[in-house]
Amino acid sequence: MIEAKKHFSGFAAIVGRPNVGKSTLTNSLIGEKIAIMSNRPQTTRNKIMCILNTDNAQIMFLDTPGIHKPHHKLGEYMVKTAESTLTEVDVVLFVVDVTEKRGSGEDYILELLRKIKTPVILVANKIDKLTDKGKLFNIIGDYTALYNFAAVVPVSALEDKEFSGLLAEITKHLPEGPDYFPDDILTDQPERVIAGEMIREKVLLNTRDEVPHSVAVEVEEFKVRENDDIYIRATIFVERDSQKGIVIGAKGSLLKKIGQEARKDIQALLGDKVFLDLWVKVKADWRNKDKALKQFGYQER
């Protein structure tokens, strides 16, 4: 009698300080753009689950906000979300940027990791940017001297096409179990939430200075019309009139560009033609207001 092949399923949290490539890694692992990306710190605000099926496992990746010192209620929510995830998973991926020295942000995360019993894999990211490979060994040695990692895996989240080594290490720590989600499900996020995040990403990529951190997007209408087109009406919220002017641009030029770029990504994900109707409104100091945070999905309702 042939013994059935073992199958594993479980959760892996992706943590690290802001802007080390957590969302890029998430998207590269599952092969689809679900988590939004930009070079702005604190781009990810919510915990996003993305699902990967391998030949012997189903892995639920939790992409978390970057752990940082918060300066407003939104920041407090983001950090609390990331920290609470550490005890809810089977394995933690601690992502670090090997082009930068370990700093206070990484030290703070290491302190958090010492308080949990969950196995931790050190993911040394951005190796494609290193010309001196000796630096990689020094960076890894610096971290392994401070913490007993279950494994260390160097990667380039941006350029790698396969992550067989990392996936093998993750699977070692997953319990045996069945698939909990169908093969065609990539995330637990509703389509309208992903659409809103993709719009916010384009605002981040096309604006400057204080605007990116002050932006929230609310999708107010998401419907399939009779011709099978998808109509999405969304409002971009900022905190000041000056920021509203920046997002709109001269004669609406920047808002039009944001809409064109967001529509392209949303259409690629949904596979249908999208009509995007964007508006910009001011909601003063919304990042410090509980009602606004709940409205935008950054607190439990």
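The protein chain of the predicted model contains nine helices and nine strands. Of its 301 residues, 51% count as buried, and among contacts between residues at least 6 apart in sequence, 72% join residues at least 24 apart.

In total, four aromatic pairs were counted. Phe94 and Tyr143 are both buried. Phe94 also forms a stacked pair with Phe149, for which the centre-to-centre distance is 6.5 Å and the angle between the planes is 25°. Here too distant parts of the chain are linked, Phe94 lying in strand 4 and Phe149 in the loop between helix 4 and strand 6 (151-154), 55 residues apart. Phe94 counts as buried because its relative accessibility is 0%, and Phe149, with a relative accessible area of 10%, is likewise buried because the cut-off for that class is under 20%. Ring pairs join Phe94, Tyr143, Tyr147 and Phe149 into a cluster.

A contact between two helices was examined next. The axes of helix 6 (residues 191-206) and helix 8 (residues 253-270) come within 9 Å of each other and cross at roughly 140°. Helix 6 is therefore oblique to helix 8, as an angle would have to be over 145 degrees to count as roughly antiparallel. The crossing of helix 6 past helix 8 is right-handed. On the side of helix 6, the contact is made by Glu191, Ile194, Ala195, Met198, Ile199, Glu201, Lys202, Val203 and Asn206, and on the side of helix 8 by Leu254, Lys257, Ile258, Glu261, Ala262, Asp265, Ile266, Leu269 and Leu270. Sorted by class, the residues in this contact of helix 6 with helix 8 comprise 11 nonpolar, one polar and six charged.

Met49 is placed in strand 2 (residues 48-53). With a relative accessible area of 7%, Met49 is buried. Leaving aside residues up to four places away in sequence, Met49 touches Phe11, Met60, Phe61, Leu62, Phe181, Leu186, Thr187 and Asp188. One of these, Leu186, is 137 residues from Met49 along the chain, yet the C-alpha atoms of Met49 and Leu186 are separated by 8.4 Å.

Most residues other than glycine have a negative phi. Asn19, although not a glycine, has a positive phi of about 70°. Asn19 lies in the loop between strand 1 (8-15) and helix 1 (22-30), and its relative accessible area of 32% makes Asn19 partly exposed. Asp285, which is also a residue other than glycine, has a positive phi near 50°. Asp285 is found in the loop between strand 9 (274-282) and helix 9 (290-295), where its relative accessible area of 39% places Asp285 in the partly exposed class.

Technical notes: Residues numbered from 1 in each chain as written. Predicted model: local features only at pLDDT ≥ 70, side-chain atom pairs only at ≥ 80, totals over all residues. Heavy atoms only, no water. Phe/Tyr/Trp six-rings, centres within 6.5 Å; stacked < 30°, edge-to-face > 60°. Buried < 20%, exposed > 50% of the residue type's maximum accessible area, 1.4 Å probe, protein only. Helix = DSSP H or I, 4+ residues; strand = E, 2+ residues; numbered from the N terminus. Axes fitted to C-alpha atoms, helices over the stretch in contact; angles between N-to-C directions. Parallel < 35°, antiparallel > 145°, perpendicular 65-115°, else oblique. Left-handed = near helix turned anticlockwise from the far one by under 90°. Contact = heavy atoms within 4.5 Å. Nonpolar A, V, L, I, M, F, W, Y, C, P; charged D, E, K, R; others polar.
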